[in-house]
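Work through the exercises below with the structure in view. Each task is followed by a solution in steps.

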Amino acid sequence: MTSPVERCGLVAIVGRANVGKSTLLNCILGQKLSITSRKPQTTRYQILGVKTADHTQLVFVDTPGWQRHPKNELNRQMNRQVRHALGDVDRAVLVADARYWHADDQTVYQMLSDAGLPIVLALNKHDLLKSKADLLPLIAQLSADKEFAAIIPICARTGSGVDDLVNELSRAMPERAHLYPHDQITDRPERFFASEIIREKTLRFLGDELPYRTTVLIDDFKDEDNLTSILATIWVERDSQKSIVIGKDGELLKRISTEARQDLEQLLQRRVFLRVWVKTRRGWTDSAEAMQPLGLGD
Ligand SMILES: Nc1nc2c(ncn2[C@@H]2O[C@H](COP(=O)(O)OP(=O)(O)OP(=O)(O)O)[C@@H](O)[C@H]2O)c(=O)[nH]1
Ligand SMILES: [Mg+2]
């Protein structure tokens, strides 16, 4: 008996900010690996998610939203990560909003096309259309002057169309031995997820007063007998922001810590002790140098 052919390939999930790239990755994996929020520029780091099924391994790279006009060093770093992610990719999934084609979608399309990558277009958030038929004019318009390996309408929030997308990608993967053990879903260490989950809660609980100017460092991460103990610091740029994150009588920081701990317990499948501090560090979003110790540099 011949053994079945193993397929394996790298798929980059690319698109402008806030179109639902990370929600899509989480939906494909059936697990919340990449943080999401209603604010643009939520994803800052490349995140790798592995899905193995039926002798095929898809290695996804979730990327930060592409920015046409990067405003600071952090934004430039994020764009660099997107370019870097395209290096050895077998397929690119370009995620766009099913309601309209934006000038920034065109920029990303051009970049992928110039890189010679076969592109699968995922038209996301089709739940926001009155009817799926409303997609037809957009699909006709896009296929007229652009080249896609496939165009697939999806709703990453509910999972509608996501199996079609995964099947399309699986068929396109080259014959290659699997890169990761079958039960592994990411290459990132647990402490990375600890800092990301705390950052997600900070983004979600703070209105628009503190958009992107926070970063989270894990100061200590220890597995003890029956629990994991984590000490973390939320870094902000100004003292006024520090008071906002802490909130009246420490209420907000308490909520951030509690929800982050609950998510972490679910992800790690263990009890977690979490203590979070807030500290000030001026101008880090504009300084490449300041980013090195925060783990963001090249
Ligand atoms: N209605 C609807 N909302 C969605 C869908 N997919 C994602 N969203 C929402 O869109 C917002 C952005 O989602 P993310 O997954 O963080 O988007 P992203 O492209 O990763 O964003 P960046 O990392 O900032 O580039 C969140 O509020 C999601 O809940 C969808 O299929 N339908
Ligand atoms: Mg994202």
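**Exercise 1.** Find which helix gives the most residues to the shell around ligand 1, and describe that shell.

Solution. Step 1: helix H1, residues 21-29, gives the most, with 3 residues; helices are DSSP runs of H or I with at least four residues, strands are E runs of at least two, and both are numbered from the N terminus. Step 2: the shell around ligand 1 holds 24 residues, and Gly20, Ser22, Thr36, Thr43 and Gly65 are the closest (near means a C-beta atom, placed from the backbone, within 6 Å). Step 3: sorted by class, the shell has 12 polar, 7 nonpolar and 5 charged residues.

This is a predicted model, in which local features need pLDDT of at least 70 and side-chain atom pairs pLDDT 80 or more, while totals for chains, interfaces and linings use all residues. Residues are numbered from 1 along each chain as its sequence is written, with chains lettered from A and ligands numbered from 1 in the order written.

**Exercise 2.** Work out the strand order of the open sheet of 3 strands.

Solution. Step 1: the order is E7-E8-E9, with mixed pairing (strands pair if DSSP finds at least two bridges between them). Step 2: strand E7 (215-223) and strand E9 (271-280) are the edges, each pairing on one side only. Step 3: E7 and strand E8 (residues 227-236) pair in the antiparallel sense over 8 bridges. Step 4: in this pairing, isoleucine 218 stands opposite alanine 232 in E8.

**Exercise 3.** State how far apart the centres of domain 1 and domain 2 are.

Solution. Step 1: an automatic or database assignment sets the bounds, giving domain 1 (7-172) and domain 2 (190-294). Step 2: over C-alpha atoms, the two centres are 27 Å apart.

Key:
Nonpolar A, V, L, I, M, F, W, Y, C, P; charged D, E, K, R; others polar.
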